[in-house]
Amino acid sequence: MELNLENGIKLRKNGKQEESNELFKKLVKEFPDNASITYHCAWSFDLLGEESKAVPFYENAINLGLSSEELEGAILKLGSTYRTLGEYQKSENTFVRGIDLFPNNKAIQVFYAMTLYNLKNQEKAMELLIKVLIDTTNDEEIISYKKAIDFYSDKLDEVWKWIVK
């Protein structure tokens, strides 16, 4: 089983998505209770642009119990897949869970911001993106304004009027 799992991953990494998908579909039939195989099968559908086929495999893999690293990837990919399918509430729920479990994963936060945008919550989406930016950037100019950018991140609609006497 381990050798086949590694072969499927190697095929995917070498750009052979269809072969990888075929192998993972066979492995899921052979080992239906293996969370890791199920996760990689979902991922293989995702890479083929077959997001709706990927969803039940992601959901099942998460329910079967993945390692922390694979769970982190599965939550990100499932949330993103829900978003691309227009299932914005499911996407939001998935990303909120992901942020709860993996608060330092900035990619989950960025994909969540995209979902917030789709849910017409642009203010929260921008705030989150700005915070991720200032937490992750190496750009000297942005770093020099980090305190101000952080301060304004949740005040984008406020207007300060100065009264001169």
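Residues are numbered from 1 along each chain as its sequence is written. Because the model is predicted, local features need pLDDT of at least 70 and side-chain atom pairs count only at pLDDT 80 or more, while totals for chains, interfaces and linings use all residues; side-chain values use heavy atoms, with hydrogens and water left out.

User: How many helices and how many strands does the protein have?
Analyst: Let's start with the overall build. Helices (H or I, at least four residues) and strands (E, at least two) are DSSP runs, numbered from the N terminus. Going from the N terminus, the elements read α-α-α-α-α-α-α-α-α-α. The count is ten helices and zero strands.

User: What is the radius of gyration of the protein, next to that of a compact globule of 165 residues?
Analyst: The C-alpha trace spans about 80 × 30 × 25 Å along its principal axes. The radius of gyration is taken over C-alpha atoms, and the globule rule is 2.2 Å times the number of residues to the power 0.38. A compact globule of 165 residues would come out near 15 Å, but the protein has 20 Å.

User: Which percentage of the contacts between residues at least 6 apart in sequence join residues at least 24 apart?
Analyst: A contact means heavy atoms within 4.5 Å. Among contacts in the protein between residues at least 6 apart in sequence, the part that joins residues at least 24 apart is 41%.

User: Which residues have the most contacts inside the largest nonpolar core?
Analyst: A nonpolar core is a set of buried Ala, Val, Leu, Ile, Met, Phe, Trp, Tyr and Cys residues joined through side-chain atoms within 4.5 Å. Buried means under 20% relative accessible area, exposed over 50%, and partly exposed in between (1.4 Å probe, protein chains only). The largest core has 32 residues, and those with the most contacts inside it are Tyr58, Ile62 and Leu66.

User: Which helices each supply at least two residues of this core?
Analyst: In soluble globular proteins, nonpolar side chains tend to be buried together. In this protein, buried residues make up 38% of the 165 residues. The helices that each supply at least two residues of the core are helix 1 (2-13), helix 2, helix 3, helix 4 (51-64), helix 5 (68-84), helix 7 and helix 8.

User: Which residues do ring pairs link into a cluster?
Analyst: Rings of Phe, Tyr and Trp (its six-membered ring) pair if their centres lie within 6.5 Å; planes under 30 degrees apart count as stacked, over 60 as edge-to-face and the rest as tilted. The whole structure holds five aromatic pairs. One of them joins tyrosine 39 and tryptophan 43, a tilted pair with 5.6 Å centre to centre and 40° between the planes. Tyrosine 58 touches residues including Tyr39 and Trp43, and the cluster linked by ring pairs is Tyr39, Trp43 and Tyr58.

User: Why are tyrosine 39 and tryptophan 43 separated by about one helical turn?
Analyst: Tyrosine 39 counts as buried at 3% relative accessibility, whereas tryptophan 43 counts as partly exposed at 21%. Both belong to helix 3 (residues 35-47), and they are separated by about one helical turn because they are four residues apart.

User: Which residues lie over the face of tryptophan 43?
Analyst: A charge sits over a ring if NZ of Lys or CZ of Arg is within 6 Å of the ring centre and within 35 degrees of the ring normal. Another, at 4.0 Å from the ring centre, is lysine 77.

User: Why is the pair of phenylalanine 95 and tyrosine 112 called tilted?
Analyst: Phenylalanine 95 is buried at 0% relative accessibility, and tyrosine 112 is buried at 6%. Their ring centres are 6.4 Å apart and their planes lie at 50°, so the pair is tilted.

User: How far apart are the closest N and O atoms of aspartate 150 and lysine 131?
Analyst: A salt bridge is a side-chain nitrogen of Lys or Arg within 4 Å of a carboxyl oxygen of Asp or Glu, and the structure holds six. Aspartate 150 is partly exposed at 34% relative accessible area, and lysine 131 is partly exposed at 28%. Aspartate 150 and lysine 131 form a salt bridge in which the closest N and O atoms are apart by 2.8 Å.

Conventions:
Lists of a residue's contacts leave out its neighbours within four places in sequence.
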